[in-house]
Amino acid sequence: MKTLLQDAVELNLSFVELESTEAGYDLYKSIGFTDDVSKYHCMKWYNV
């Protein structure tokens, strides 16, 4: 994860986004990830 975030800085990315389980939530918060509050809904379409 440290390498990923260092690469993001070097590539001048605006953000890194992830989806966390409850088990990983505190870990990600501890390294600087924040909850994203958005007016948009996360939606997916599956071709089944």
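Analyst: The answer below begins with the whole protein and then turns to the patch and other local features.

This is a predicted model, in which local features need pLDDT of at least 70 and side-chain atom pairs count only at pLDDT 80 or more, while totals for chains, interfaces and linings use all residues. Residues are numbered from 1 along each chain as its sequence is written, and side-chain values use heavy atoms, with hydrogens and water left out.

The protein contains two helices and zero strands; helices (H or I, at least four residues) and strands (E, at least two) are DSSP runs, numbered from the N terminus. The C-alpha trace spans about 35 × 25 × 25 Å along its principal axes. Of the 48 residues, 6% are buried. Here, buried means under 20% relative accessible area, exposed means over 50%, and partly exposed lies in between (1.4 Å probe, protein chains only). The accessible surface amounts to about 5,100 Å², and carbon and sulfur atoms account for 55% of that surface. Such areas come from the Shrake-Rupley method with a 1.4 Å probe, and for residues only the protein chains shown count as cover.

On this surface, Met1, Leu4, Leu18, Leu27 and Ile31 make a nonpolar patch of about 420 Å². Patches are made of residues with over 30% relative accessible area and no salt bridge; like charges are joined within 9 Å, and nonpolar side chains (Val, Leu, Ile, Met, Phe, Trp, Tyr) within 5 Å. A salt bridge is a side-chain nitrogen of Lys or Arg within 4 Å of a carboxyl oxygen of Asp or Glu.

Met1 belongs to the segment before α1 (2–10) and is partly exposed, at 43% relative accessibility. Leu4 lies in helix α1 and is likewise partly exposed, at 44%. Leu4 is also twelve residues from Val16 in sequence, with 9.0 Å between their C-alpha atoms.

Asn12 has a positive phi of about 55 degrees, although it is not a glycine, and it is exposed, with a relative accessible area of 68%.

Finally, a search of the whole structure finds one aromatic pair. Tyr28 and Phe33 form this pair, which is edge-to-face, with 5.8 Å from centre to centre and 75 degrees between the planes. Rings of Phe, Tyr and Trp (its six-membered ring) pair if their centres lie within 6.5 Å; planes under 30 degrees apart count as stacked, over 60 as edge-to-face and the rest as tilted. Tyr28 is partly exposed at 22%, whereas Phe33 is buried at 15%.
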